[in-house]
Structures are given as C-alpha cells and as structure tokens.
Amino acid sequence: MNSLAVCMGAVVLCTALVAAESSSGANYTVTDEAFIVVEVNDQKSPGDIYSGRIVIALFGTSAPMTVMNFASIVKGYKRGKETLHYKNTPIHRIVKDFVIQMGDITIGDGTGGTSIFGEKFNDEEFVLSHRAPGMVSMANRGKDTNGSQFFITMVKARWMDGKHVVFGKVIKGYDVLDFLNDLETNPDTAWPKKKVKISDCGLNVLQKKYNLTEKQMDSVVDLP
C-alpha cells in the first residue's frame, strides 16, 4: 500500500469517527463552566507551593445528570449533615501522557467517592468522545458505577468511548495540566510523590450558553 493510500485511509477513518459522534447526538453546548484550583506542595521543601487554575466547559445538554452531579459537588452539595465537595481533596492518580484522576471526596485514596444521587448512579448515553486531550470524563468501576471521581485525558483516548461518560472539556489551564503531567509518581500506584490537591473550586458566572466548535473540542490551547 503506498503512502497516498495510507493518508487517504486515515482521512476517511477520522471523518467517519467525527460523523459517528455527530450522528450519536453529540452536542457541544456549554451550559456551565467550572473552575478547579490545583495546589502542589513539595513536601521536601515546605512553603514551596505551585498553584494553577483549570477551567472546564460542561456539556449539560449531552450529559445532564452527570453535569448536575459534578457541578453540585464543585459548588458544595449539602446532603443531610454532610457536605459533598471537591475542595481540599487529592489528585490521587497521574498516568503520564494518559490521564489525571481526582474526585475521591469520601476516602481520598482513589477507593471512595459518592454522588448527589446516592453512592453511585447510572451511565448516561455515551454521546461525547474522548476525542482529544483535555476531555473530562467519569471514572468508574464498571457499568453504572459513577460517583464523584473523574479524570482529564492527556491524549486522544477513543478506546474508552462507551465505557466512561464524557461531560466536559478543559478550555483554560493547559499549562497546569502539563505541569501535573510531568510530576514524579509512584510507579506502582501512579500516586504523585508531591502532595497534590484541589485547593478551591466553584462555578463561573455564565451569562448565557455557548457552543464549542469541532476545532475547539480538539484544541489544547486555552480559549480567550
């Protein structure tokens, strides 16, 4: 097979994947924006702290239940005597050039988590794809086991489509993601060797909904 045929095949495959996402009802309407402030503390040098802000566009039309859960916990959700909140919870798993995972709001070591609907909730339709770096998706332990844990992709990861519900896209803070991606981790657990946590989080005031383009969905550059 010559190089032209290979290139044409790649173009056809890419076009087919985009078309499949469009036909599945993918909707890039941003209904909310969440921000996460990340803090990295060098435990060997107390006081040496890195802080960075990540902004996530949330697709509440494509994944309404998942976005409701995430946005509620970002703000702080009162349930009985407890408050579910991402603030001051660890970023517990960094697999270089793959994913950055966080959101264990109950135990803090990657084995816990809960949702505003109960301990776990069902998958929504897998409308959006892990089509590019910066996609935000629910971590789980199998079908219909969503809680509060989520991850951000550092690479296109379409093989996870149909297994994890994508509900957001990073639109600002790619320098922060790159910094986290380069942190040294335990080779057995992917746990960062420095103390990494969400020091603050919340929702931005959004005057009205807006749409991301295909190009913006695939971008790894901060939006203005």
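Helices here are DSSP runs of H or I with at least four residues, strands are runs of E with at least two, and both are numbered from the N terminus. By that count the protein chain has four helices and 12 strands.

Two notes on the source. This is a predicted model, so to speak of local features we need pLDDT of at least 70, and side-chain atom pairs count only at pLDDT 80 or more, while totals for chains, interfaces and linings use all residues. Residues are numbered from 1 along each chain as its sequence is written, and side-chain values use heavy atoms, with hydrogens and water left out.

Overall figures next. Of the 224 residues in the protein chain, 48% count as buried; buried means under 20% relative accessible area, exposed means over 50%, and partly exposed is in between, with a 1.4 Å probe and protein chains only. Contact means heavy atoms within 4.5 Å. Among contacts between residues at least 6 apart in sequence, 71% join residues at least 24 apart.

Now the aromatic rings. Rings of Phe, Tyr and Trp (for Trp, the six-membered ring) pair if their centres lie within 6.5 Å; planes under 30 degrees apart are stacked, over 60 edge-to-face, and the rest tilted. The structure holds seven such pairs. Take tyrosine 86 and phenylalanine 150: the ring centres are 5.3 Å apart and the planes stand at 75 degrees, so this pair is edge-to-face. It links distant parts of the chain, since tyrosine 86 lies in the loop between strand E5 (82-84) and strand E6 (89-95) and phenylalanine 150 in strand E9 (residues 150-153), 64 residues apart. Tyrosine 86 is buried at 1% relative accessibility, and phenylalanine 150 is buried at 0%.

The second pair is phenylalanine 98 with tryptophan 159, which is stacked, at 6.1 Å centre to centre and 20 degrees between the planes. Phenylalanine 98 is in the loop between E6 and strand E7 (99-102), and tryptophan 159 is in the loop between E9 and strand E10 (166-172), 61 residues away. Are these two buried or exposed? Phenylalanine 98 is partly exposed at 22%, and tryptophan 159 is exposed at 53%.

Which residues do ring pairs link into a cluster? They are Phe70, Tyr86, Phe150 and Phe167. Phe70 is also one of the buried residues of helix H2. After H2 comes glycine 76, with a positive phi near 105 degrees.

Asparagine 88 is partly exposed, at 48% relative accessibility. Threonine 89 belongs to strand E6 and is buried at 6%. A polar atom of the threonine 89 side chain lies 2.5 Å from the backbone oxygen of tyrosine 86. Beyond its neighbours within four places in sequence, threonine 89 is in contact with Asp104, Ile105, Lys197 and Ile198.

One further residue with positive phi is alanine 190, near 65 degrees. Alanine 190 sits in the loop between helix H3 (174-181) and strand E11 (195-203), and counts as buried at 11%.

Terms used. A polar contact is a pair of N or O atoms within 3.5 Å; within protein, one must be able to donate a hydrogen and the other to accept it, and residues adjacent in sequence count only if both atoms are side-chain atoms.
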